[in-house]
Amino acid sequence: PDTHQAALRLAPGSFAWLVNRYAHSADLAALDAATRRNRLAILTHCLAEPLAPGDALMFEGFPVDRMTTKTLRILRDRKAATPAAALNRVKALRALFKWAVAAEHVSTNPARDLERPRLRSSGHRPWTLDDVAAFEAFHPVGTMPRLAFAIMLFTGMRRSDAAQLGRQHIKDGWISKPQHKNRVASPHRIEIPILPELAEIIAATPGGNLTLVTSADGQPFTVESFGNWFRKCCRRAGLSGVPSHGLRKAGATRAAERGATSQQLMAVFGWKSLTEAELYTRSAERKRLAADAMALIAPASGK
């Protein structure tokens, strides 16, 4: 990008110079293309931030050896109105300075103690039973939208994996495929059994392509085009604000409420720490405890 080329003309040791070196680093190259684009876009926006509101001087020329945690908090807090964007800045700055220390461009890491903002949202909302019923009523078994929907609901796959799932990944009633997310930096293989409901929908959906879900002309989707196409499928069914990731959350919620443990959820959904899995198991446990407690509050029969 032009911003990175311009950084080459700046004095070594500036923030823009450091971002430019990172843009050409092996660490960044090891990430998948979408992550690289997003991270560089976030850092580029940081370079274009004024040092103070209305100031003509930008952060691009700020000396990195003078950057402190307090300095980076300014960049984080410029996105305070959108906590998710603030969190993405923290992640990008942490990655940048962790690399910079290892590459000996800076002696200390000011991003190490940069606090993550507290998100006010729980993220993508899960699909409700009514959402599921509406989609199934509009897109019957045998159609590509219903197949895509079933793959995400009954496997917990992200859209990136649902778009790539093919017959070569299915054997003896099991799905086994490399997970798309973090496939370079932290590879993980999805290995889960196919539920009978999903097997029936796969068998009922016409298509000779190796990839299960294909476009109207029989071609596989890219990850991006799959998301856009599925969003349109939802709108045709009268649903809006129900992202594909919400199906993954609906599946995790359903499994937890039916007694799945945190470790079982980790195995199915590919999480590598207990933190995210426990969000679902703790919520399910609260619901079970509340149901038991309400039974105690109600008067005994006949009294």
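Analyst: In describing linings, Ala, Val, Leu, Ile, Met, Phe, Trp, Tyr, Cys and Pro count as nonpolar, Asp, Glu, Lys and Arg as charged, and the others, Gly among them, as polar. By that rule, the lining of the largest cavity divides into four nonpolar, four polar and three charged residues. The model is predicted, so local features need pLDDT of at least 70 and side-chain atom pairs count only at pLDDT 80 or more, while totals for chains, interfaces and linings use all residues. Residues are numbered from 1 along each chain as its sequence is written, and side-chain values use heavy atoms, with hydrogens and water left out.

User: Why is Thr 71 called buried?

Analyst: The relative accessibility of Thr 71 is 10%, and buried means under 20% relative accessible area (exposed is over 50%, partly exposed in between; 1.4 Å probe, protein chains only), so Thr 71 counts as buried. Thr 71 is placed in helix H5, residues 69-77, where helices (H or I, at least four residues) and strands (E, at least two) are DSSP runs numbered from the N terminus. Leaving aside residues up to four places away in sequence, Thr 71 touches Phe 59, Phe 62 and Arg 66, a contact being heavy atoms within 4.5 Å.

User: What makes Ala 137 count as exposed?

Analyst: Ala 137 has a relative accessibility of 67% and therefore counts as exposed. Ala 137 belongs to helix H7, residues 129-138. From C-alpha to C-alpha, Ala 137 lies 15 Å from Ala 148, which is 11 residues apart from it in sequence.

User: How do you know that the buried residues of H10 line one face of the helix?

Analyst: In H10, which spans residues 196-204, the buried residues are Leu 198, Ile 201 and Ile 202. Seen down the helix axis, these buried residues fall within an arc of 100°, so they line one face of H10. On the other side of H10, the exposed residues are Pro 196, Glu 200 and Ala 203. The buried residues of H10 pack against helix H8 (144-155) and strand S1 (170-171).

User: Which residues have the most contacts inside the largest nonpolar core, and what makes it a core?

Analyst: A nonpolar core is a set of buried Ala, Val, Leu, Ile, Met, Phe, Trp, Tyr and Cys residues joined through side-chain atoms within 4.5 Å. The largest such set here has 36 residues, and those with the most contacts inside it are Trp 127, Phe 135, Ile 151, Val 213, Phe 226, Trp 229 and Phe 230. Two or more residues of this core come from each of H7, H8, helix H9 (159-164), S3, H10, helix H11 (223-236) and H12, and the largest share, nine residues, is that of H8. Apart from this core lies another, of 29 residues, among them Phe 15, Cys 46, Val 64 and Leu 72.

User: How many cavities does a search of the whole structure find, and which residues line the largest cavity?

Analyst: The search finds two cavities of 30 Å³ or more. On a 1 Å grid over the protein atoms alone, a cavity is a set of points where a 1.4 Å probe fits but cannot get out, whereas a pocket is an open set with protein on both sides within 12 Å along at least five of seven lines, and lining residues have an atom within 4 Å of a point. Grid points are joined across faces, edges and corners, and a volume is the space filled by probe spheres set on the points. The largest cavity holds about 50 Å³ of space and is lined by Thr 155, Gly 156, Met 157, Arg 158, Asp 161, Gln 179, Ile 190, Arg 248, Val 268, Phe 269 and Gly 270.

User: Which residues lie nearest the centre of the second largest pocket?

Analyst: Of the 18 residues lining the second largest pocket, Phe 154, Leu 195, Gly 251, Ala 255 and Val 268 lie nearest its centre. This pocket has a volume of about 510 Å³, and its lining divides into 11 nonpolar, four polar and three charged residues.

Terms used: The arc is that of the directions from the helix axis to the C-beta atoms.
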